[in-house]
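This report covers the contacts made by aromatic rings. The sequence and the model come first.

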Amino acid sequence: MVKNDSTLISIVIPVYGCARNLEELCQRIIETVHTIAAKYEIILVNDASPDLAWETIVTLNRTNHCIKGINLARNFGQHHAITAGLDYANGDWVVVMDCDLQDKPEEIIRLFQKSQEGYAVVFGKRVTRQDHWWKKKTSQLFYRVYDYFTGATSDHTVANFCIISKKVVHGFRQMREQHRFFPLFLQWMGYPTASIAIDHDARKQGKSSYSLKKLITLATDTIIAQSNKPLRLSIQFGFLISSASFIYGLYLFIRYFFLEQPVAGWTSVMVSIYFIGGLIFFNFGILGLYIGKIFNEIKGRPLYLIRETTDDSQKS
């Protein structure tokens, strides 16, 4: 492959809980990118990692100024960290990948080659995922539920590992809503997109920070942010219950006045009250989630705050 001396490739990596991987990760990225471009930058975004990630990033920057670091003020979440990295990326092409070495840096070459066929976005498909079966099943379930509520067609083998053009980065920067989900944002944009099968390695250090509770929260927030179908289903279900109640009431009316059969009141009334009361609270809960999301958006708070960067460390 011919090396391009004018192309700048940026690699954006959110960092959490994998400080011991960073030196190997950067070394492998540098060796890989040097085969396709002369200029590169590695942007490591420390999302309040509980280990010595920031100290490691500062050390790497001192040995190689092409390795840059952003230290967020607190833990904002993986997709907010990716947003911070993309806001600071200058590359003609930008690679986004995880820090746990499950995304193999050597696959960047194949992603870049595919992008040169005219694609603005190229995803890496983890055909054989080296993850625990529970994580794979929950990922599949998440995308099935998401597709049902949004009408989209998603691929559970696709995650954050991809390469995107500068035009896509500029488009992504315009999307400033509080709830972030990087792959779905790229799919929504509609730029020419492709995917290739890649090798997926087992995690070497640490463990995933996505607990079951976080996955449920992510699924709920993503569905609420991307679709109003829960509201439509709530209306349809309410209409169904109202129709069933009307038919049952008509049945009791005929039974009492025409068939002269007594109607037991206490049990049916109490069951109906509790049932309808539960539905009302459930529907209010759904409506409350949407109102809460609107509230978060209209506050206009920044998506992230930066404590320091490696540029600051160099000045000091």
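## Aromatic pairs

There are 3 aromatic pairs, where rings of Phe, Tyr and Trp (its six-membered ring) pair if their centres lie within 6.5 Å; planes under 30 degrees apart are stacked, over 60 edge-to-face and the rest tilted. Trp93 and Phe112 form an edge-to-face pair, because their ring planes stand at 85°, with the centres 6.4 Å apart. This pair ties together strand β4 (residues 93-96), which holds Trp93, and helix α4 (residues 108-115), which holds Phe112, across 19 residues of sequence. Helices (H or I, at least four residues) and strands (E, at least two) are DSSP runs, numbered from the N terminus.

The model is predicted: local features need pLDDT of at least 70, side-chain atom pairs count only at pLDDT 80 or more, and totals for chains, interfaces and linings use all residues. Residues are numbered from 1 along each chain as its sequence is written, and side-chain values use heavy atoms, with hydrogens and water left out.

Trp93 is buried at 14% relative accessibility, and Phe112 is buried at 4%. Buried means under 20% relative accessible area, exposed over 50% and partly exposed in between (1.4 Å probe, protein chains only).

## The phenylalanine cluster

The rings of Phe172 and Phe185 have centres 5.9 Å apart and planes at 50°, so this pair is tilted. Phe172 belongs to helix α6 (residues 166-173) and Phe185 to helix α7 (residues 182-189), 13 residues apart. Phe172 is buried at 1% relative accessibility, as is Phe185 at 2%. Together with Phe182, these two residues form one aromatic cluster.

## A charge over a ring

The charged end of Arg74 sits over the ring of Phe76, 4.0 Å from its centre. The criterion is NZ of Lys or CZ of Arg within 6 Å of the ring centre and within 35 degrees of the ring normal.
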